[in-house]
Amino acid sequence: MGRDVIVACDFSDRKTTLDFLSQFKGRKPFVKIGMELFYAEGPDIVKEIKKRDHKIFLDLKLHDIPTTVKKAMAVLSDLGADILNCHAAGTAEMMEAALEGLTRPDGTRPKLIAVTQLTSTDQPALENELMIHFPMNEVVENYALNAKRAGLDGVVCSPLEASLIHEACGRDFLTVTPGVRFAESAASDQKRVMTPEAAKTAGSDYIVVGRPITQAADPVAAYERCCEEFLD
Ligand code: C5P
């Protein structure tokens with residue numbers, strides 16, 4: 001899998017999602033299905049989008065006791081997703097269990113990445129609410145190293161942390177980075193943001209872009225602009 005732009009399809013129903021994807025005509029953007037769409041439509045929406053030849057990042061951010069995560073990952077493994085994720089905060093034991101659950105009887109499995117810290121979390125929230133009294137960069141680097149030791153393929157992180165993670169975990173360790181905004185657009189609830197071009201310079205492997213594409217007057221043009229800035 002190479003570098004790519006992943007479109008976060010944060011919609012609440014099948015029809016809106018499929019209508020949105022139909023606009024792209026011949027192009028098949030890499031799609032992220034998150035909690036909203038998955039909880040509304042269930043596993044069939046993953047199979048249906050896969051049947052339309054999109055690659056899929058199933059962003060359900062599992063975080064529970066290891067046995068529960070392992071069993072849930074076993075259920076999710078065969079839906080056709082190319083990348084799945086869990087929270088690194090669930091510990092290395094939970095991440096290892098997730099990996100085991102995801103591995104099919106023939107030894108194959110989709111990629112598994114871990115969320116380090118959500119891109120909506122900033123340093124004051126880390127300290128005052130989560131009671132983690134370390135700089136964000138150190139927390140993210142440590143969570144990424146735990147994920148690597150547990151055998152995962154990469155992490156979800158801010159583009160601001162991509163180079164730090166590659167230095168700590170190696171160039172092949174995937175950095176999948178939300179929190180991407182065009183230079184002139186609103187950050188909304190995202191706190192640690194970068195433009196697609198800056199994310200490319202920072203070494204992100206995949207950028208996850210939601211509202212700057214889904215809420216754009218011309219989503220296809222916004223997607224193409226992301227590809228131009230990030231891939232070219
Ligand atoms: O609309 P926006 O571009 O902010 O969407 C970003 C997407 O990436 C959302 O679907 C959000 O759930 C997801 N995400 C994130 N931060 C993470 C992991 C996933 O923003 N750490």
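**Note on the ligand shell and the aromatic contacts**

1. Sorted by class, the residues in the shell around the ligand are eight nonpolar, three polar and six charged. The model under review is a predicted one. In total, 17 residues surround the ligand. The closest of them are Asp10, Lys32, Arg181, Gly210 and Arg211.

2. Two of these closest residues, Asp10 and Lys32, deserve a look at their side chains. Asp10 places a polar side-chain atom 2.7 Å from an oxygen atom of the ligand. For Lys32, an N or O atom of the side chain is 2.7 Å from an oxygen atom of the ligand. Thr119 has a polar side-chain atom 2.9 Å from a nitrogen atom of the ligand.

3. How much of the ligand does the protein bury? On its own the ligand exposes 470 Å², and the protein buries 88% of that area.

4. Next come the aromatic rings. The count for the model is five aromatic pairs. One of them joins Phe11 and Phe20, with 5.0 Å from centre to centre and 55 degrees between the planes. This pair is classed as tilted, because only planes over 60 degrees apart count as edge-to-face and those under 30 as stacked.

5. Phe20 also pairs with Phe24. Here the ring centres are 5.4 Å apart and the planes are at 70 degrees, so the angle is over the 60 degrees required and the pair is edge-to-face.

6. Are Phe11, Phe20 and Phe24 buried or exposed? The cut-off for buried is under 20% relative accessible area. Phe11 has 12%, so Phe11 is buried. Phe20 is at 5% relative accessibility and therefore counts as buried. Phe24, at 2%, is buried because this value too is under 20%.

7. Which residues make up the aromatic cluster? Phe11, Phe20, Phe24 and Tyr223 form one cluster.

8. The charged end of Arg3 sits over the ring of Phe230, at 4.4 Å from the ring centre. Arg225 has its charged end over the ring of Phe182, 4.0 Å from the centre of that ring.

Technical notes: Residues numbered from 1 in each chain as written. Predicted model: local features only at pLDDT ≥ 70, side-chain atom pairs only at ≥ 80, totals over all residues. Heavy atoms only, no water. Near = heavy atom within 4 Å. Polar contact = N/O pair within 3.5 Å; in protein donor to acceptor, adjacent residues only side chain to side chain. Areas by Shrake-Rupley, 256 points an atom, 1.4 Å probe, with all protein chains shown as cover. Nonpolar A, V, L, I, M, F, W, Y, C, P; charged D, E, K, R; others polar. Phe/Tyr/Trp six-rings, centres within 6.5 Å; stacked < 30°, edge-to-face > 60°. Buried < 20%, exposed > 50% of the residue type's maximum accessible area, 1.4 Å probe, protein only. Lys NZ or Arg CZ within 6 Å of the ring centre and 35° of its normal.
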